[in-house]
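Here is a short briefing to read alongside the coordinates. Have a look at the fold, and then we can go through it together.

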Amino acid sequence: MDVQNSIETLLKWSSDQGIAIDSRLSLRANENANGLGVFSRKHEIPQETIASKWHGYLQSLPQNVEVPFLWKFKIQKEKANENRDAEDEDRAEALEWLNGTEVDAILRKASENGQTLDEDLVAYYNETVEPLLLAQGSRYVSKPCLEGFLRCYTLVSSRAFLMDAYHGLSMVPISDAFNHVQDNHVHIESDFGVCPECGSFSECPHDRQDCQAETSEPGSGTSDPVNDCYEMVANTQIPAFSEVYNTYGEHLTNAQLLTRYGFILDANDNDKLSWTYLNVFKALGVNPNTTGESILRQIPLVLGDHRILDSLADSQVLATEYIKGDDSLWVDSDGGVSIGLWLTLTLIAAHQAGRPSAVLDTGFEANERLKTMLELLNVLALVSGSESANMNPMFVQMFLGPIDTDYLHCVNGQCELLIRLCDQRKANLGKAGVEAETLGDLLDVLEDSRKRTRQAALLVLGERSILDSCQASWKDFQRVLWAYVK
Ligand SMILES: [Zn+2]
């Protein structure tokens, strides 16, 4: 039998036996050897890696999730190599724009151990991830690197769902392909309360207290085909030929969207600008060790008084969606001021007027005082929103007449402080040396390729407009007050 015939016979026999030959290989005659040899076909065959059942999914994931902490990491790395490309220039400029924004605050925020997120990640990689991967040899990754780890981290942090008590935070293929809007079409549903030991939805051996979990193999619980899946459920009608959206969270701000997922929405009603107590004290010239400290002692007492909170709930001016014990300091996209911020400004105003005791008590008296000030603010909002206010002092007097002038001065002080706080924030917002008025023009001429810079500049524009609208309302309150208090 000649070689060609014997190869054909061999191939037929293999196929009859169910032996599959990799399509990248062929059997051919080889005179140098013992008749035949195995040859590669026209494509290179890469080094064999472990075939993962997730391969098809993993290869579909983006190369980079463009979140700001990675921009920072990438340009630091390229700086060292002195080979920044256009993408890195874009990342560097975008970071300059983020100065003083909510994103900046998130990036600078330290965790419990005093480190920022990127510092935490680098340390975790060096101390835990790299040693673990190296100990596995080249079984999973031939050469682990920090960059690869950070890519994985952002993929998980931007795509994973908290599924149930057994799976916890999980990557869920296809479910993670839905993009985000606030008014979503679909949401994922799962039964969270499965057995944390085996994932079973129905009764399982772990339900019995006395059971020493003999069958704690993952997935060993009774599997029920009806409940053994996650569902994307439509919560509204979905029009034909339209993109189907999920929501990643109904209350996410643009700063949170950019830092977690690498995008922002054109308009986002959830946006808020926040301050720490120290920021506020610094911006308003309050000594944190004396006045600041006494204010910090006072706030929880006031917020712990239910009578005061009941009064606060009626405010037309403050943001009233109040969560018990929340003393955070912010203004929102409607110019609403958080209860914590308003109280802080009220206390600072009282201190600066040399009358800290005016609001520094709790109990009936303090409640009455705060209540009066809140009513006054409601009146100011009503009057300043009404056209006739500027024209007719009698109209203003009708509203403000019965209110003691002490309160008018105190509320005027709150207005002053808030306006100053917003001014100070605007002065430190965005890329240094760029006038706010030119921001719109700059965006008009920005090349399309500078997409990160565009996101960052749009974010600055949004934050600035929140500050502007907040200032405008409180300036209006002041105008009404001044028309009355001479
Ligand atoms: Zn179980």
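At what angle do helix α8 and helix α18 pack? Their angle is about 160°, and the axes are 11 Å apart. Please keep in mind that this is a predicted model. The protein chain contains 18 helices and 10 strands.

**Confidence and overall picture**
- The mean pLDDT of the protein chain is 84, and 88% of the residues reach at least 70.
- Helix α9 (residues 277-283) has the highest confidence, at 95, while helix α14 (residues 388-391) has the lowest, at a mean of 54.
- Where pLDDT is low, the predicted coordinates are not to be read in detail.
- The protein chain has 486 residues, of which 26% count as buried.
- Taking contacts between residues at least 6 apart in sequence, 62% link residues at least 24 apart.

**Helix α8 against helix α18**
- Helix α8 covers residues 254-261 and helix α18 covers residues 451-484; they pack at about 160°, so α8 is roughly antiparallel to α18, the cut-off being over 145 degrees.
- The crossing of α8 past α18 is left-handed.
- On the α8 side the contact is formed by N254, A255 and L258, and on the α18 side by Q455, L459 and G462.
- Sorted by type, the residues of this α8 and α18 contact are three nonpolar, three polar and no charged.

**Helix α12 against helix α16**
- The axes of α12 (residues 339-352) and α16 (residues 405-427) come within 9 Å and cross at roughly 110°.
- That angle falls in the range of 65 to 115 degrees, so α12 is roughly perpendicular to α16.
- The α12 and α16 crossing is right-handed.
- From α12, the residues L345, T346, I348, A349, A350 and Q352 take part, meeting C410, G413, Q414, L417 and L418 of α16.
- The residues in the contact of α12 with α16 comprise seven nonpolar, four polar and no charged.

**Two residues with positive phi**
- I174 is not a glycine, yet its phi is positive, at about 75°.
- I174 sits in the loop that runs between β4 (169-170) and β5 (179-180).
- I174 has 9 C-beta neighbours inside 10 Å, so this residue counts as exposed, the limit being 12 or fewer.
- F241 is also not a glycine and has a positive phi of about 50°.
- The loop between β7 (231-234) and β8 (245-246) holds F241.
- F241 counts as exposed because 4 other C-beta atoms lie within 10 Å.

Technical notes. Residues are numbered from 1 along each chain as its sequence is written. This is a predicted model: local features need pLDDT of at least 70, side-chain atom pairs count only at pLDDT 80 or more; totals for chains, interfaces and linings use all residues. Axes are lines fitted to C-alpha atoms, for helices over the stretch in contact, and angles run from 0 to 180 degrees between N-to-C directions. Helices (H or I, at least four residues) and strands (E, at least two) are DSSP runs, numbered from the N terminus. Angles under 35 degrees count as roughly parallel, over 145 as roughly antiparallel, 65 to 115 as roughly perpendicular and the rest as oblique. A crossing is left-handed if the near helix is turned anticlockwise from the far one by less than a right angle, and right-handed if clockwise. Two residues are in contact if their C-beta atoms, placed from the backbone, lie within 7 Å. Ala, Val, Leu, Ile, Met, Phe, Trp, Tyr, Cys and Pro count as nonpolar, Asp, Glu, Lys and Arg as charged, and the others, Gly among them, as polar. pLDDT is the predictor's confidence in each residue, from 0 to 100. A residue is buried if 20 or more other C-beta atoms lie within 10 Å of its own, exposed if 12 or fewer, and partly exposed in between; C-beta atoms are placed from the backbone.
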